[in-house]
Amino acid sequence: MRTIAFHNLGCKVNSYETDYMEQKSIENGYEIVKFEQKADVYVVNTCSVTNIADRKSRQMLHKAKKMNPDAIVVAMGCYVQANPEEAAKDECIDIIVGNNKKSELFEILNEYLEKKNKEKENKKNNLSDKDLDGRTLTDINHCEFENMNVEKSAERCRVFVKIQDGCDRYCSYCIIPYVRGNIRSRKSDDVIREIEAIAANGYKEVVVTGIHLSSYGKDWDDGKDSAFHLSTLLKRINDIDGIERIRIGSFEPMILSEEFVKELASIKKLCPHFHISLQSGCDTVLKRMNRHYDAARFYEKTVLLRQYFDDPALTTDVIVGFPGETQEEFNETYEYLKKIRFFETHIFPYSRRKGTVADRLPGQLTMKEKKERVEKLVKLDDELSLKYRKSKIGKNDRIIVEEVKVIEGREYLVGHTAEYVMCAIEYTNDSIDLIGQYIDVVIEKMLDDKTALAKIL
């Protein structure tokens, strides 16, 4: 039996696609091994959102070939879609699979193996027939939605479900529209069938994800907006027996009208945990970024969510050191984050991406300047995040028990609340059976800055 190993980089959409490929590998007679082990085939699902992501993608591809020089190394996803010529020259890569071809991995792999066997036979007979071009890129701007169906996940308690692909926003810093292509939405009936199968396999939580969820259904041209399509789908998921929690990926702020938020609040299984992309709290920077809102309108959306949900967890992304960002503009963002009080902020130093508008903008900051600003925002985020977690102390809550984790030298069972606050409960040999179960708890105190100690009710 051939062995295959996977390594996933990047977003939740990539995680979903990797789950699908792992599922298909078993169906195709492969044994899945850990990436650190020797394998016949290594598959790296790459990311290209930053230069660091590109570098990590290359590192993992080179690591795979080093672990087994005779292995077939497959590079797929955003890095190779963005850098096809560079990937084609890399001798560590045998097969290149672009976005929207991932579902065809095993057809591509089988064709490559046939060609490789033919080449070996021809060499034995002193013939020349080298035709091992493993490139399978597609015109990403003229694609249909690539249907996949996942019934199980590497995660024990929740499953990602991809409902949308592509983006048409063209923020000035972002490479994603160029590597993920046009907006493509998955038919709701297909989504429901997949989640019904997931529920039948005992999973209780699904995470609805996409490259740009706020565009879901926009490509259908049926006279209805994305907010209608997305809320309608979430309501249908809410009715599926066995599913107890629904999480939703990142929103763009402008989809959050009062009507839409009110609809979300009526969906009982929807977790009050919302990730809203911000990027900057300064209007002049937002304009250079080609974001389609200003700081005041974004703030209004957070007020709406807090009006309709009881103390929801609001999270966001912020890019630090965007071209031309002055100290005054950075200070605006800093004060804005204090005002909104996010539960968590994912903070990134600006990364130049060839082919984007921002790459050509004047006023590129040094790494030293970006690092100093990142450190300041990270410190603020730690303070705000701990404050939100502490606000849950003394309250009854519900967690799904996910795994055993060592904290401060002791073993605990850990899980998350609906707001995604991590909680730990005392671990005993008898309590191992709780993994995968929902339990009622009371949150007693903080174990560390990221984890609360809870007691079973």
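Are Tyr173 and Phe322 buried or exposed? Both residues are buried (under 20% relative accessible area, with exposed over 50% and partly exposed in between, for a 1.4 Å probe and protein chains only).

This is a predicted model, where local features need pLDDT of at least 70, side-chain atom pairs count only at pLDDT 80 or more, and totals for chains, interfaces and linings use all residues. Residues are numbered from 1 along each chain as its sequence is written, and side-chain values use heavy atoms, leaving out hydrogens and water.

**Ring pairs**

The structure holds 13 aromatic pairs. Rings of Phe, Tyr and Trp (its six-membered ring) pair if their centres lie within 6.5 Å; planes under 30 degrees apart count as stacked, over 60 as edge-to-face and the rest as tilted. Two of the pairs are tabulated here.

| Pair | Centre distance | Plane angle | Class |
|---|---|---|---|
| Tyr173 and Phe322 | 6.3 Å | 85 degrees | edge-to-face |
| Phe343 and Tyr388 | 4.9 Å | 45 degrees | tilted |

Tyr173 lies in the loop between β7 (158–165) and α6 (176–180), and Phe322 in the loop between β12 (313–320) and α12 (327–340), so their pair ties together parts 149 residues apart in sequence. Helices (H or I, at least four residues) and strands (E, at least two) are DSSP runs, numbered from the N terminus.

Phe343 is buried, at 1% relative accessible area. Tyr388 is buried too, at 9%.

Phe251, Phe260, Phe274 and Phe309 form one aromatic cluster.

**Charges over rings**

The charged end of Lys162 sits over the ring of Phe145, 5.4 Å from its centre (NZ of Lys or CZ of Arg within 6 Å of the ring centre and within 35 degrees of the ring normal). Lys339 lies over the face of Tyr299, 4.1 Å from the ring centre.
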